[in-house]
Amino acid sequence: MLNFKATTREFSLHELPAGVSSVDIFFDDNRVWSIDTRDRGSAFTIDWPEALVPHLKGFTELSVKDSASAKTLASAEIVFSADNFRTKVVDSSGVPLSVNKWGRLGRALDAIGSDIQNIILERTEEIVSVLTAMGKQPFIVGGTLLGAVRDGKLLPHDDDADIAYLSDHTSPVDVAIEGYRVGRELEKRGYKLMRHSATHMQLHFIHDETKTPYYIDVFGAFFTDDGHINQPFHVRGKMSRDQMLPFGMVEIDGRKFPTPADTEHWLTINYDADWRTPIPGYDLNTPDSTNRRFFNWFGSFNHLRHFWNDFYEKETSGKSEWSAGALWIQSVSFSLTSPQLVDLGCGGDPVSFKLLLSREEIIATDFAAKPLELAKSLAVPGQRTAHLNLFRLNTVSAPQRLGITGSFDVIANHLLDQTVREAREGAYRMFYMALLSGGSATATFFSKPDPAVHAEDPTLWHLSPHQLATEALKYGLGVTFEKIDSADTYTLSRAPYAAIFNLSKKVFNLPKEQLTMKQRIARFLDTFTFGKAQKEIADLKKQVIDLQDELDEYRGLSSRVAQLTDMLEEQLQNEQK
């Protein structure tokens with residue numbers, strides 16, 4: 001039997017048999033994780049996925065199985081902690097969970113049962129028919145196509161069904177505009193839609209009897225003039241039209257679905273040459289050049305949404321260190337005099353709901369469902385919640401959609417430092433419109449990171465005042481900075497600040513920029529060159545970066561034009577009702 005070792009921190013595997021490309025990790029009878037072993041050698045040590053770590057308590061029979069043959073390679077009773085219970089990785093309903101391709105815990109198809117799988121297939125047939133009736137050319141893709149070609153089944157470790165439609169357009173801006181139109185048409189037909197980008201829509205459903213949630217992804221696919229097939233968010237590769245059309249057909253549990261004419265070529269582009277081998281832990285490693293194209297052409301509107309939903313599943317009021325910013329906003333609430341106030345990134349316990357103000361309305365907004373659900377439960381008359389996605393360009397029409405009729409104030413407690421630039425741009429637009437209306441715009445943020453900062457946890461991030469001032473200036477905003485005092489040592493160590501925005505484009509009380517030793521060394525090396533050759537290399541490096549940024553900006557125009565077109569068409573439809 002294969003030797004292994006498991007602690008609460010890591011998992012070690014020794015002497016993996018030749019020919020094993022993937023292993024499944026089981027706790028008792030439930031698969032919790034799959035590992036792609038192809039590039040790991042015959043022995044390796046790997047950290048447990050972060051999503052699993054909180055569940056590593058108690059004891060379990062840990063089994064290691066070959067993903068392809070389901071043969072048990074090793075099994076042993078493992079004790080993670082002194083707790084007197086068996087280790088379980090389940091949701092609130094007791095349904096087993098496993099780590100999905102995004103590193104999060106989710107319900108795999110093999111855990112939700114055959115009845116739900118049959119319903120997913122019925123829905124997939126239905127959506128293929130709906131798209132066909134809309135004049136589109138739908139076909140199955142991703143794991144749905146892989147399972148169909150390989151086994152005539154849905155992939156047991158997958159968590160949804162995937163459908164694409166082949167666009168007649170080759171220009172990304174036209175493809176994006178079409179994607180928005182398809183989404184609006186699906187919503188008109190009663191589907192609950194979450195939009196991840198212009199060309200990636202997720203249709204959400206709940207089983208009537210069991211209340212089990214499930215979803216189906218719909219993607220826009222298209223050829224470009226360089227001979228590539230594109231299916232955001234991942235697929236891009238050389239493919240001829242006769243490899244795509246006319247569509248073939250494949251069966252899944254007796255149901256027929258359209259596929260690319262050359263399914264093997266498509267699956268090789270989507271995955272790799274090993275697509276015939278079951279590798280549940282396959283890592284979708286999208287090339288940077290593909291990521292840059294799709295991100296700039298079509299946007300990405302839900303970055304960090306899963307993090308915040310998961311965060312507020314555990315927390316109801318957020319982190320205590322955010323309270324210093326909330327108290328500061330409360331201390332200046334006398335200056336918030338507009339009839340309506342908008343709270344950006346309100347979280348589950350909006351600071352705006354604690355403001356004792358005489359005004360018409362407070363609107364607490366967020367883009368994640370769980371914090372909005374919690375905030376809504378706290379609302380009293382004069383307070384309400386609303387979905388607002390700052391990643392979307394339609395923030396320019398947000399005041400109208402939110403029912404704002406005059407001047408309004410905007411606050412944002414620890415939003416700017418805990419999101420990415422694309423969402424901050426939406427916040428700056430809201431600040432600018434609030435100031436134009438005669439209202440005010442105020443935000444709080446940490447100017448220093450947590451010592452344990454990492455990319456997956458935005459609560460540990462920071463935003464320097466210099467970066468904030470530079471970004472805001474591009475949106476016609478000046479800013480005044482005020483240091484926030486706190487009795488909490490940790491909060492003070494992260495140097496909290498308040499930013500009060502203005503239309504004068506002037507910056508006041510900008511704190512002195514403080515660089516870490518690593519940043520100082522990097523700047524020194526950037527400016528220190530040896531002779532003409534070094535200078536030429538530095539100049540060429542800068543030119544490459546400038547050209548890359550310019551290309552990204554050019555591609556980003558496609559997304560902007562498509563979003564503006566979508567906003568205009570939506571407005572015209574509303575006026576015709």
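Helix α3 passes helix α5 in a left-handed crossing, a term for the case where the near helix is turned anticlockwise from the far one by less than a right angle, clockwise being right-handed. The model is predicted: local features need pLDDT of at least 70, side-chain atom pairs count only at pLDDT 80 or more, and totals for chains, interfaces and linings use all residues. Residues are numbered from 1 along each chain as its sequence is written, and side-chain values use heavy atoms, with hydrogens and water left out. Helices (H or I, at least four residues) and strands (E, at least two) are DSSP runs, numbered from the N terminus.

**Helices α3 and α5**

Two packed helices are described by the angle between their axes and the distance between the axes. For α3 (residues 142–151) and α5 (residues 263–270), the axes come within 11 Å and cross at roughly 135 degrees. This makes α3 oblique to α5. Angles under 35 degrees count as roughly parallel, over 145 as roughly antiparallel, 65 to 115 as roughly perpendicular and the rest as oblique. The axes are lines fitted to C-alpha atoms, for helices over the stretch in contact, and angles run from 0 to 180 degrees between N-to-C directions.

On the α3 side the contact (heavy atoms within 4.5 Å) is made by G142, L145, L146 and V149, and on the α5 side by T263, W266, L267 and N270. Of these residues, 5 are nonpolar, 3 polar and none charged. Here Ala, Val, Leu, Ile, Met, Phe, Trp, Tyr, Cys and Pro count as nonpolar, Asp, Glu, Lys and Arg as charged, and the others, Gly among them, as polar.

In α5, T263, W266, L267, I269 and N270 are buried. Buried means under 20% relative accessible area, exposed over 50%, and partly exposed in between (1.4 Å probe, protein chains only). Seen down the axis of α5, the buried residues fall within an arc of 160 degrees, so they line one face of the helix; the arc is that of the directions from the helix axis to the C-beta atoms. These buried residues pack against α3 and against the strands β10 (138–140), β15 (228–231), β16 (235–238) and β18 (255–259).

F223 is in strand β14 (residues 213–223) and counts as buried at 4% relative accessibility.

D158 sits in the loop between α3 and β11 (161–166). With 8% relative accessibility, D158 also counts as buried. Its contacts, not counting residues up to four places away in sequence, are K101, R107, A108, L109, G143 and T144.

**Backbone features**

| Residue | Phi |
|---|---|
| D253 | near 50 degrees |
| G299 | about 80 degrees |
| N509 | near 55 degrees |

D253 lies in the loop between β17 (248–252) and β18 and is partly exposed at 37% relative accessibility. N509 is in the loop between β26 (507–508) and α14 (517–527), and is exposed with a relative accessible area of 56%.

Cis peptide bonds also occur. One runs from P232 to F233, with omega near 25 degrees, and F233 is found in the loop between β15 and β16. Another joins L245 and P246, with omega about -5 degrees; P246 lies in the loop between β16 and β17.
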